[in-house]
Amino acid sequence: MLVYSPKTKEFPVSINELLGTSTGTKKSLIVAFDLACQQFARENGIRTPQFTVHGVVESVEGPGLKTIIDVANN
């Protein structure tokens with residue numbers, strides 16, 4: 001679940017774990033969100049880096065990774 005935090009000392013958005021989700025599912029959601037942000041920026045002419053850096057994404061694998069790649073390619 002994407003959560004907005006109005007607290008100024010925190011990053012404004014975060015992904016809260018849904019009951020029963022795995023680490024891989026959470027990481028897949030983060031990757032999907034990053035791709036959506038890049039698409040939004042492109043469609044609205046917002047200058048932004050064309051990449052996202054993650055410290056750890058090795059938990060994204062299998063069907064989740066394939067779906068992310070398919071969506072990104074489309």
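Reader: Thanks! Let's start with charges: how many salt bridges does the structure hold?

Author: The structure holds 1 salt bridge. Keep in mind as we go that this is a predicted model.

Reader: Which side chains meet in that salt bridge?

Author: Those of aspartate 70 and lysine 66, with 2.8 Å from N to O. Side chains of opposite charge can pair when their charged atoms come close.

Reader: And how far apart are aspartate 70 and lysine 66 along helix H2?

Author: Aspartate 70 and lysine 66 are 4 residues apart in helix H2, so about one helical turn separates them.

Reader: Is lysine 66 buried or exposed?

Author: Lysine 66 counts as exposed, because its relative accessibility is 51% and the cut-off for exposed is over 50%.

Reader: Nice. Let me zoom out: what pattern does the protein follow along the sequence?

Author: Read along the sequence, the pattern is β-β-α-α. That comes to 2 helices and 2 strands.

Reader: How much should I trust it? What is the mean pLDDT of the protein?

Author: The mean pLDDT is 78, and 84% of the residues reach 70 or more. Confidence is highest in helix H1, residues 23–43, at 82, and lowest in E2, at a mean of 76. Where pLDDT is low, the predicted coordinates should not be read in detail.

Reader: Good to know. Where is glutamine 38?

Author: Glutamine 38 sits in helix H1. With a relative accessibility of 15%, glutamine 38 counts as buried.

Reader: What does glutamine 38 touch, if I skip residues up to four places away in sequence?

Author: Leaving those out, glutamine 38 touches Gln50, Phe51 and Thr52.

Reader: Let's follow that last one. Where does threonine 52 lie?

Author: Threonine 52 lies in the loop between H1 and helix H2, which covers 62–73. Not counting residues up to four places away in sequence, threonine 52 touches Asp34 and Gln38.

Reader: How far is threonine 52 from leucine 35 in space?

Author: From C-alpha to C-alpha, threonine 52 and leucine 35 are 8.6 Å apart in space, and they are 17 residues apart in sequence. As for the surface, threonine 52 counts as partly exposed at 37% relative accessibility.

Reader: Why does serine 5 count as buried?

Author: Because its relative accessible area is 14%, and buried means under 20%. Setting aside residues up to four places away in sequence, serine 5 touches Glu10, Phe11 and Pro12.

Reader: Last topic! How many of the 74 residues count as buried, as a percentage?

Author: Of the 74 residues, 14% count as buried. The protein exposes about 6000 Å², and carbon and sulfur atoms supply 61% of that area.

Reader: And what share of the contacts with a separation of 6 or more comes from residues 24 or more positions apart?

Author: Residues 24 or more positions apart account for 36% of those contacts.

Definitions and conventions: Residues numbered from 1 in each chain as written. Predicted model: local features only at pLDDT ≥ 70, side-chain atom pairs only at ≥ 80, totals over all residues. Heavy atoms only, no water. Buried < 20%, exposed > 50% of the residue type's maximum accessible area, 1.4 Å probe, protein only. Contact = heavy atoms within 4.5 Å. pLDDT = per-residue confidence, 0-100. Areas by Shrake-Rupley, 256 points an atom, 1.4 Å probe, with all protein chains shown as cover. Salt bridge = Lys/Arg side-chain N within 4 Å of Asp/Glu carboxyl O.
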